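Please open the structure in a viewer and keep the selection tool at hand. The tour below moves from one selection to the next.

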Amino acid sequence: MIARTDNTAADILESDGGDYVLEVRDLKMHYPIKSGLTQKIVGYVRAVDGISFKIERGTTLALVGESGCGKSTVGRTLLKLTRKTSGEVLFNGEEVYAYDNKKLRSMRPKMQIIFQDPYSSLSPRLPVGEIIGEAVKEHHIVPPEQYEDYLGKVMDDCGLQSYYKQRYPHEFSGGQRQRICIARAVALNPDFIVCDEPVSALDVSIQAQIINLLMDLQESRRLTYLFISHDLSVVEHISDAVAVMYLGNIVEYGKTGDIFANPLHPYTKALFSAIPLPDPDVKTKRTILTGSLPSPANPPKGCKFHTRCPNAMPICSREEPPVYNSGDKGHYCVCHLFSDKIKEN
């Protein structure tokens with residue numbers, strides 16, 4: 001049992017003999033705020049403010065939370081598309097930010113991303129064959145004589161017909177475009193893929209198809225996903241573990257079954273209460289959060305959630321909450337409600 005005040009659970013990163021593709025330790029990403037003619041730095045936007053997690057090979061960690069909580073920034077920072085402020089990002093045991101340009105180039109195919117918008121993430125000037133195969137050629141994934149067969153197999157695995165190679169993105173629907181984005185990522189034989197809300201721009205019926213495709217590819221290729229989403233019904237279906245993020249920090253972390261069966265943090269409970277139920281006759285008690293998400297440039301003192309929390313106590317506005325281990329293996333919550341339980345242990 002531990003009690004820390006930096007929202008970084010040391011127990012989460014304790015070695016347990018697992019095969020972890022990615023380990024993140026106290027990651028921070030602060031964007032400077034500049035003002036005046038001299039562009040003097042007057043503050044920072046704390047988009048990611050000290051988070052830790054790890055993802056076992058062949059599994060999916062879902063990162064959930066409201067818009068603006070820092071989920072997408074985490075994904076981009078892991079891939080070094082945005083440079084971190086501090087912390088560690090270990091990919092297969094090696095620090096990503098310690099790579100020189102040569103090493104980084106060789107690592108790039110192993111860490112891929114599927115963007116949220118399948119419309120703007122595809123070049124309108126390239127046919128589908130070039131979009132999927134451009135990086136395959138650049139990184140010499142297969143010999144030139146095997147290129148066409150390889151490209152055809154990747155497209156077939158992603159539910160795309162081979163004659164789509166000569167077509168352009170504007171000729172496809174949203175679901176087909178997202179399949180093209182997925183094919184572009186898996187064509188490089190990656191170990192790890194950041195799925196940045198890959199189904200949020202799609203119709204519900206198409207969402208199920210894309211989720212099933214991602215799960216099939218994970219099983220056949222032993223892929224590891226960081227699945228960023230705000231749709232908890234989708235998260236329950238695809239993820240093995242869940243990290244709930246609020247204003248740059250992880251407030252709850254655990255296996256999917258544990259969190260869905262026993263959500264601990266008031267923010268997690270509020271997110272669950274917002275899940276729509278398919279039966280219109282079933283009524284649920286909705287937890288309405290008052291106020292809006294505070295600015296990450298000027299976060300509240302103490303617990304960042306206390307300004308909207310229905311269970312807020314005086315201590316919440318003064319002190320950062322400790323990390324509480326629920327007793328279920330790997331289920332952690334960052335909240336003052338469990339302070340007494342920590343003291344008892």
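Contact here means heavy atoms within 4.5 Å. The model is a predicted one, in which local features need pLDDT of at least 70 and side-chain atom pairs count only at pLDDT 80 or more, while totals for chains, interfaces and linings use all residues. Residues are numbered from 1 along each chain as its sequence is written, and side-chain values use heavy atoms, with hydrogens and water left out.

Select isoleucine 182 first. Neighbours within four places in sequence aside, isoleucine 182 is in contact with Ile114, Cys158, Ile210, Leu213, Leu214 and Leu217.

Widen the view to the core. A nonpolar core is a set of buried Ala, Val, Leu, Ile, Met, Phe, Trp, Tyr and Cys residues joined through side-chain atoms within 4.5 Å; buried means under 20% relative accessible area, exposed over 50%, partly exposed in between (1.4 Å probe, protein chains only). The largest such core has 38 residues, and Ile132 and Ile182 have the most contacts inside it.

Next, select Tyr163, Tyr164 and Phe172, which form one aromatic cluster. Rings of Phe, Tyr and Trp (its six-membered ring) pair if their centres lie within 6.5 Å; planes under 30 degrees apart count as stacked, over 60 as edge-to-face and the rest as tilted. The structure holds seven aromatic pairs. Phenylalanine 172 counts as buried because its relative accessibility is 6%.
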